[in-house]
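Welcome! Please take a look at the sequence and the model, and then read on.

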Amino acid sequence: MERIICLISIEQDDTLTTTSLEAIGLTRHLSEQLKTPEWYIGVVGIPKSIELVNDCLTGLGASKIFVALHEEFSKPRYSTDAAAAEVICKAASPDIVIAPSTARWSRIIPGVAFRLNGTADTHVTAINVQNNTPLINRWIYRQRIELQLSRQVRPWFLTVEPAIFEPASKSKGSSPVEKIEVPVSTDLLNTEVIGFQTPKSSTQTIRPDAKLLFVAGAGWTKKQADGLVHAEEAQKLILEFLELTQSSLGGTKSVVDLSSEGNPVLPFMTHLNQVGQTGATPRHPKGLATCCHGEEPHVVGWRFINERRAVNLDPNCGWAQGKADVLYVADAFAVLRELNKKLSDSKK
Ligand SMILES: Cc1cc2nc3c(=O)[nH]c(=O)nc-3n(C[C@H](O)[C@H](O)[C@H](O)COP(=O)(O)OP(=O)(O)OC[C@H]3O[C@@H](n4cnc5c(N)ncnc54)[C@H](O)[C@@H]3O)c2cc1C
């Protein structure tokens with residue numbers, strides 16, 4: 001019988017992320033599939049986080065919740081996070097440890113696996129059970145080959161990708177909570193966390209949970225039918241659309257490179273927005289590409305977008321070559337102007 005634990009952290013603003021709830025949901029699902037009656041949650045947070053644990057986690061069906069609380073755990077720091085995870089795992093003696101693929105957990109999981117003589121696999125996109133053995137899926141070689149594998153080494157640590165698994169929902173009963181003491185000696189505090197550095201962006205444009213991926217290509221920055229570049233209008237139309245639809249913004253390599261070269265055209269576009277072979281492979285139910293040619297190195301990043309539409313002036317662009325479900329041969333400026341108007345009218 002496999003003992004499974006899901007490790008999560010409480011965020012600095014005292015919230016639980018959807019990604020954490022997804023990892024818990026997967027842990028519960030796996031324990032059901034493996035017919036493992038006991039599964040646990042391990043929480044790293046500050047003393048105040050106990051309220052959130054009692055309010056939001058005790059009703060999810062876990063057999064027990066191990067909590068490691070300390071003021072220093074508000075900061076994502078390798079030494080303190082790894083110490084907390086190690087102590088929790090020693091208390092729970094799990095065979096399988098699941099954690100969300102966030103920067104914080106991805107950084108420490110391999111090290112904690114090493115300390116506990118275990119093994120780690122990252123970026124897991126599916127877990128299935130065959131003959132009572134868990135099998136994980138992960139992509140390799142930049143999402144070109146999908147592997148399915150199992151391991152015999154225990155504990156087996158897995159970081160799971162966001163936006164794939166169902167978040168945990170309320171269940172019957174109330175889980176007991178066990179507080180775990182983690183000694184935080186001064187040598188664990190050698191690294192001082194001084195804050196976050198994020199790419200310059202005037203607005204939050206990457207929303208992994210959004211229903212729609214909106215891609216802006218370099219066409220927005222090119223001369224239009226009147227022979228002029230309409231940079232300001234492009235910015236206004238795109239930001240207004242993002243605001244109205246709460247979609248996530250993707251960019252092509254061309255448009256992203258332009259912005260980082262100091263071109264004022266789309267200043268909110270950073271390399272984090274780049275979708276494609278050398279960019280991200282986001283997961284959204286729908287995608288709309290605008291002023292983007294639909295070349296293969298870009299479209300390869302749309303692998304997990306289920307329904308694809310594009311707006312391009314060129315009826316022979318890449319999207320027309322079987323890469324989109326619908327191609328609107330139209331001026332994206334005119335389309336967005338009209339769309340934004342309809343969307344804001346519908347909100348009145
Ligand atoms: C090794 C390698 C890796 C790469 N990795 C990536 C990657 O990760 N991601 C990526 O995106 N690219 C990548 N590329 C680059 C990729 O091949 C293309 O060059 C890039 O995607 C083109 O960007 P674009 O479509 O925005 O620009 P363009 O090719 O310049 O296309 C602009 C489009 O806008 C249209 N347009 C202009 N005005 C309007 C309007 N008013 N209305 C509607 N349409 C309009 C035009 O018809 C045109 O089709 C890579 C290339 C290589 C060689």
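Which strands and which helix do the buried residues of helix 3 pack against? They pack against strand 1 (4-9), strand 2 (39-45), strand 3 (64-69), strand 4 (96-100) and helix 4 (103-115). Keep in mind that this is a predicted model.

**The chain as a whole**

- The protein chain contains eight helices and 14 strands.
- Taken along the principal axes, its C-alpha atoms fill a box of roughly 70 × 45 × 40 Å.
- The chain has 348 residues, and 39% of them count as buried.
- Among contacts in the chain with a separation of 6 or more, 69% are between residues 24 or more positions apart.

**Helix 3**

- Helix 3 covers residues 78-92, and its 15 residues should span 21 Å at 1.5 Å a residue; the end C-alpha atoms are 21 Å apart, which agrees.
- Its buried residues are T80, D81, A83, A84, A85, I88, C89 and A92.
- S93 follows helix 3 and has a positive phi, near 40°.

**Helix 2**

- Helix 2 spans residues 49-57, and its buried residues are S49, V53 and L57.
- Seen down the helix axis, the buried residues of helix 2 fall within an arc of 55°, so they line one face of the helix.
- This is a pattern to look for elsewhere too: an α-helix has 3.6 residues a turn, so residues three or four places apart point the same way.
- E51 and D55 are exposed, and they sit on the face of helix 2 turned away from its buried side.
- The packing partners of the buried residues of helix 2 are strand 2, strand 3 and strand 9 (177-179).

- As background, nonpolar side chains tend to be buried together in soluble globular proteins.

- Apart from its neighbours within four places in sequence, V43 is in contact with I8, I10, S49, V53, L57, I65 and V67.
- Three of these partners, S49, V53 and L57, are the buried residues of helix 2.
- V44 lies in strand 2.
- Is V44 buried or exposed? V44 counts as buried because it has 29 C-beta neighbours inside 10 Å, and the cut-off for a buried residue is 20 or more.
- Leaving aside neighbours within four places in sequence, V44 is in contact with S9, A68, F73, D81, A84 and A85. Among them, D81, A84 and A85 are buried residues of helix 3.
- V44 and K342 are 298 residues apart in sequence, and their C-alpha atoms are 45 Å apart in space.

**Around the ligand**

- There are 30 residues around the ligand, and G217, G219, K253, G276 and H298 come nearest.
- Helix 6 (253-260), helix 7 (296-299), strand 13 (307-312) and helix 8 (332-347) are the elements that give two or more residues to this shell.
- Which helix gives the most to the shell around the ligand? Helix 6 does, with three residues.
- By type, the shell divides into eleven nonpolar, 14 polar and five charged residues.

**Backbone details worth a look**

- Most residues other than glycine have a negative phi, and most peptide bonds are trans.
- S93 is not a glycine, yet its phi is positive, at about 40°. S93 is in the loop between helix 3 and strand 4, and it counts as exposed, with 12 C-beta neighbours inside 10 Å.
- N132 is also not a glycine and has a positive phi of about 60°. Its place is in the loop between strand 5 (119-130) and strand 6 (133-140).
- N132 counts as exposed because it has 11 C-beta neighbours inside 10 Å.
- R154 and P155 are joined by a cis peptide bond, with omega about -5°. P155 is found in the loop between strand 7 (145-149) and strand 8 (156-160).

Key:
Residues numbered from 1 in each chain as written. Predicted model: local features only at pLDDT ≥ 70, side-chain atom pairs only at ≥ 80, totals over all residues. Helix = DSSP H or I, 4+ residues; strand = E, 2+ residues; numbered from the N terminus. Expected span 1.5 Å × (residues − 1). Contact = placed C-beta atoms within 7 Å. Arc of directions from axis to C-beta. Near = placed C-beta within 6 Å. Nonpolar A, V, L, I, M, F, W, Y, C, P; charged D, E, K, R; others polar.
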